[in-house]
Amino acid sequence: MRRFLLVLVLIVGAAFPAGAQKNDWQYWETPMQFTPIVFDLGAEYLGIQPSRGIVDRCVALAAGYGSMFLIVQGLKYVVSEQRPDGSNYRSFPSGHTAAAITGAELIRQDYGWGWGAAFYVCGGAVAYGRVVHKRHWWWDTVAGAVVGVFSAGIGDWVADSLDLSGRLGWGGLDDGNVAFAPAVDPFSGTYCATVVWRF
């Protein structure tokens, strides 16, 4: 069971930075879209108490971001709208905005409106950056925000339906023996996550 959770977290963590194009890493909003994930998985270790445990939060993150990724990529290929900078035909909807808003809504569900509002502002900043840097039209970011809220709802529904902490007796994982921290690979400059698991 522990291996399953570790593999799930690592797959989700590795998949999303790969979704951004190489030239998008020059813009500040690319790493900023992942800040809600870092906060959601690490705030508990700073003394900020969430409404559900780490296992259920990981399930909500995986289901929410997984559904967001599938919806965004599907729409990009179906709609095929040209970006404002003319670089390609995958402008609609904004994946960066969808990722930031998915995280903001999940944080609102787990930590309340105080923290949720702060990350909604972060999502708005990401959307603003995408328009200013001519990577998206404004309507792309609005659509991305709608996809983000919808995807977070899917993540919340899956986590509540499965209730892995309660049903499988994984509550012991919520006792502080799992920790997450953001990291940057010094050789490639890639953003990644460090996972510490005490057995």
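1. Is Tyr 111 buried or exposed? In this predicted model, Tyr 111 counts as buried, because its relative accessibility is 11% and the cut-off for a buried residue is under 20%. The points below begin with the chain as a whole and return to Tyr 111 among the aromatic residues.

2. The overall architecture comes next. The protein chain contains 8 helices and 2 strands. Read from the N terminus, the order of these elements is α-α-α-α-α-α-α-α-β-β. Of the 199 residues in the protein chain, 45% are buried. Among contacts between residues at least 6 apart in sequence, 70% join residues that are at least 24 apart. The protein chain exposes about 9,800 Å², and carbon and sulfur atoms supply 67% of that area.

3. The nonpolar interior deserves attention. In soluble globular proteins, nonpolar side chains tend to be buried together. Here, the largest nonpolar core has 21 residues, and Leu 41, Tyr 65, Met 68 and Leu 106 have the most contacts inside it. Two or more residues of this core are given by each of helix H3 (35-42), H4, helix H5 (95-111) and helix H7 (138-162). Helix H4 provides the largest share, 10 residues. Another core, of 7 residues, lies apart from it; among its members are Phe 39, Ala 43, Ile 107 and Cys 122.

4. Beyond its neighbours within four places in sequence, Ala 63 is in contact with Ile 154, Gly 155 and Val 158. The C-alpha atoms of Ala 63 and Trp 157 are separated by 9.0 Å, although these residues are 94 apart along the chain.

5. The structure holds 6 aromatic pairs. In one of them, the ring centres of Phe 39 and Tyr 111 are 5.2 Å apart and the planes meet at 65°, so the pair is edge-to-face. Phe 39 belongs to helix H3 and Tyr 111 to helix H5, so this pair ties together parts 72 residues apart in sequence. Phe 39 is buried, with a relative accessible area of 13%. Trp 138 and Trp 139 also form an edge-to-face pair, because their ring centres are 5.7 Å apart and their planes lie at 80°. Trp 138 counts as exposed, at 55% relative accessibility, whereas Trp 139 counts as partly exposed, at 35%. One aromatic cluster is formed by Phe 39, Tyr 111, Trp 115 and Phe 119.

6. Helix H6 can be checked by its length. At 1.5 Å a residue, the 20 residues of helix H6 (residues 113-132) should span 28 Å, and the end C-alpha atoms are 28 Å apart, which agrees.

7. After H6 comes Lys 134, which has a positive phi, near 55°.

Technical notes:
Residues numbered from 1 in each chain as written. Heavy atoms only, no water. Contact = heavy atoms within 4.5 Å. Helix = DSSP H or I, 4+ residues; strand = E, 2+ residues; numbered from the N terminus. Buried < 20%, exposed > 50% of the residue type's maximum accessible area, 1.4 Å probe, protein only. Areas by Shrake-Rupley, 256 points an atom, 1.4 Å probe, with all protein chains shown as cover. Core = buried A, V, L, I, M, F, W, Y, C linked by side-chain atoms within 4.5 Å. Phe/Tyr/Trp six-rings, centres within 6.5 Å; stacked < 30°, edge-to-face > 60°. Expected span 1.5 Å × (residues − 1).
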